[in-house]
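Hi there,

Here is the model I promised to pass on to you. Please have a look at it first, and then read my notes below.

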Amino acid sequence: MTEITPTATERPRLAALAEFWHYFSMNRGAVIGLVVFAILVIVALFAPWIAPYPADQQFRDALLLPPSWMEGGRSAYLLGTDPVGRDMLSRLIHGSRYSLAIGLVVVTVALSVGIVLGVLAGYFRGWVDVVIMRVMDIILAFPSLLLALVLVAIMGPGLFNAMLAIALVLQPHFARLVRAAVMAEAGKDYVTSARVAGAGHIRLMIKTILPNCVAPLIVQATLSFSNAILEAAALGFLGMGAQPPTPEWGTMLASAREFITRAPWVVTFPGLAILITVLAINLVGDGLRDALDPKLKRS
Amino acid sequence: MLRYILHKLALIVPTVIGITICSFAFIRLLPGDPILAMAGQHGVSPERYEILKEQFGFNMPIWQQYLSYVWNVLHGDFGISLATKRPVLTDFLALFPATIELALFAMLLAVALGIPAGIFAAVKRGSWFDQLTMGVALTGYSMPIFWWGLLLIIFFSGYLGWTPVSGRIAINFFFKPITGFMLVDTLLYGNWAAFVSAVRHLILPAVVLGTIPLAVIARQTRSAMLEVLGEDYVRTARAKGLSPSRVINIHALRNAMIPVVTTIGLQVGMLMAGAILTETIFSWPGIGKWMIESISKRDYVVVQSGLLLIALVVMAVNLIVDVLYAVINPRIRAR
């Protein structure tokens, strides 16, 4: 085998990146989604500096104020205030931290567990494969939200437990994907040649095969990110996720429910925030899928 | 065909056993003493404690507990609800039709709108209709449906006053259920006003529950159509001089429907998850609301059996879809 000089590998990698960006940027929706997502990340990172007030500061003289452009609204509270006089905009800004953290933690946990199980099943086959995949089938047999609810009931309500439960529920999708990709790759010549060259099991699994399964994993991770945010908000809404007074968007919706006719804005904005976030991520996901899937590429 | 069905059945046996283990383990995984946990802050008298312990069989070895659990389940004994004191299966069967009715109409809506929308979007690829439909579909797919439901209530029930806010039928109508399906029952009684009331109650929940399946079906139909429209046999059909509508309806559509049918089948689990949220928002007396209430009331016998029953229903429906799929597509059977 010939030595490959670093410059020779870097150039195709850069070219691949440029090609990826070329296809990705052709999708206008995906670019918009990416921009919105980037703004959300910035908002989440700098929330305490951007938000006009702390998330839990109450203004006793400003209960249930409508947004500033509506009659009775005040310019000090741009999106109005909630039933106990907290600024909606500030709570929403702080809430972005929770949603992005939920997505990040859930995807990291689900991805790591899914990769380990999927690689083991796809690489070793036999009974390892049978046992792992049967367990995945069992998890997938339950409606995801129901299983997450029951797991939270066992572990106790709370944001952290909700994240763990959602990660567990989403993880079989990764395991299945990785297993299929590993099985497809394992028989190919480059793997055989690496094995003949003396690569051990671990090296074959992680360094040789796994990097070639990355594309579908990226797409699945993006979709799971938005799914995790939706499910965590749903759990929060049902009172089993983040607990009040946490400014998590789903939890905010739950406590706003009784004011739905009197003060529609306390219901409207948290849900809108969830929708925009999830939509932006799904737009990016669609763009990634189109850009990474060679079947759809038009030459 | 019979061999195919038996093969499919054999495949799900381990999963079914796994599901029973999960629901069996649930009560035993609860932190602390399961009986005290179920009793909640009210506590439980020592006599009642012993009775419950006997009833659940917590004094037997664990494998014996599991076997007797499975034995009971196989005989249709899913335990007694702590809250209603009725057999869980009785409550489940009484509430299940409400969920089926809701889910069926949600699915009907999703299929009736999603498939034509997907076909038109594919045929007019790149047009404003295509872009609009796919934009709306992605928005629907990203929708937090619990919020969507609240918005619809604000607008249609609060602002316009067109639809009722909750329940299955106005309270001044009372029926002894015949089939459990409100729309059918009201018609069987011949009460037109009650039927109209039931329809008005059903519309918003069905729209909310159908939103995500609708989005998924529209997107799937479009991509399946696009794939088929690029195939050689479609080009051949066009080259033969067949009319565009004949090419699309006969040659393309039939083949494009195969993956769409699979997608529809896969939505059943989604519908059950969505039913939990939809039924909670609209106070729809189905099994989704029942499960949520049982979790918050710590009626863990119901949660345990509900989990098992719902999973079994989802699996059964998926199995039926698999078999139907093999009926319409002989290529699957041959494998």
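This is a predicted model: local features need pLDDT of at least 70, side-chain atom pairs count only at pLDDT 80 or more; totals for chains, interfaces and linings use all residues.

Residues 198-218 of chain B are 100% helix and 0% strand, with 28 Å between the end C-alpha atoms. Residues 256-282 of chain B are likewise 100% helix and 0% strand, and there the end C-alpha atoms are 36 Å apart.

Of its 335 residues, 37% count as buried. Among the contacts in chain B with a separation of 6 or more, 71% are between residues 24 or more positions apart.

Chain B is divided into two domains: domain 1 covers 1-83 + 298-335, and domain 2 covers 95-296. Taken over C-alpha atoms, the centres of domain 1 and domain 2 of chain B are separated by 29 Å. Where they meet, eleven residues of domain 1 of chain B are in contact with twelve residues of domain 2 of chain B. The domain 1 side of that contact consists of seven nonpolar residues, three polar and one charged.

One helix pair in chain B is worth a look on your screen. Helix α11 (residues 244-282) of chain B packs with helix α13 (residues 300-328) of chain B at an angle of about 175°, and their axes are 10 Å apart. Because of that angle, α11(B) is roughly antiparallel to α13(B). On the α11(B) side the contact is made by Val261(B), Thr262(B), Gly265(B), Val268(B), Gly269(B) and Met272(B), and on the α13(B) side by Ile310(B), Val314(B), Val317(B), Asn318(B), Val321(B) and Tyr325(B). By class, the contact of these two helices has eight nonpolar, four polar and no charged residues.

Now to chain A. Here the unreviewed UniProt entry gives "transmembrane region" at residues 30-51, 98-124, 144-170 and 265-285. In the model, residues 30-51 of chain A are 91% helix and 0% strand, with the end C-alpha atoms 28 Å apart. Residues 98-124 of chain A are 100% helix and 0% strand, and their end C-alpha atoms lie 38 Å apart.

How do the two chains meet? 33 residues of chain A are in contact with 35 residues of chain B. On the chain A side, α5 (126-141), α6 (144-155), α10 (214-237) and α12 (264-292) each supply at least two residues. The largest share, ten residues, comes from α12(A). That side of chain A divides into 24 nonpolar, five polar and four charged residues.

The buried residues of α11(A) include Trp249(A), Met252(A) and Leu253(A). They pack against α4 (88-124), α10 and α12 of chain A, together with α7 (145-159) of chain B.

Best wishes

Note on methods
Residues are numbered from 1 along each chain as its sequence is written. Chains are lettered from A and ligands numbered from 1 in the order in which they are written. Axes are lines fitted to C-alpha atoms, for helices over the stretch in contact, and angles run from 0 to 180 degrees between N-to-C directions. Helices (H or I, at least four residues) and strands (E, at least two) are DSSP runs, numbered from the N terminus. Angles under 35 degrees count as roughly parallel, over 145 as roughly antiparallel, 65 to 115 as roughly perpendicular and the rest as oblique. Two residues are in contact if their C-beta atoms, placed from the backbone, lie within 7 Å. Ala, Val, Leu, Ile, Met, Phe, Trp, Tyr, Cys and Pro count as nonpolar, Asp, Glu, Lys and Arg as charged, and the others, Gly among them, as polar. Domain bounds come from an automatic or database domain assignment. UniProt positions are given in the numbering used here, feature names are shortened, and annotations may be inferred rather than shown by experiment. A residue is buried if 20 or more other C-beta atoms lie within 10 Å of its own, exposed if 12 or fewer, and partly exposed in between; C-beta atoms are placed from the backbone.
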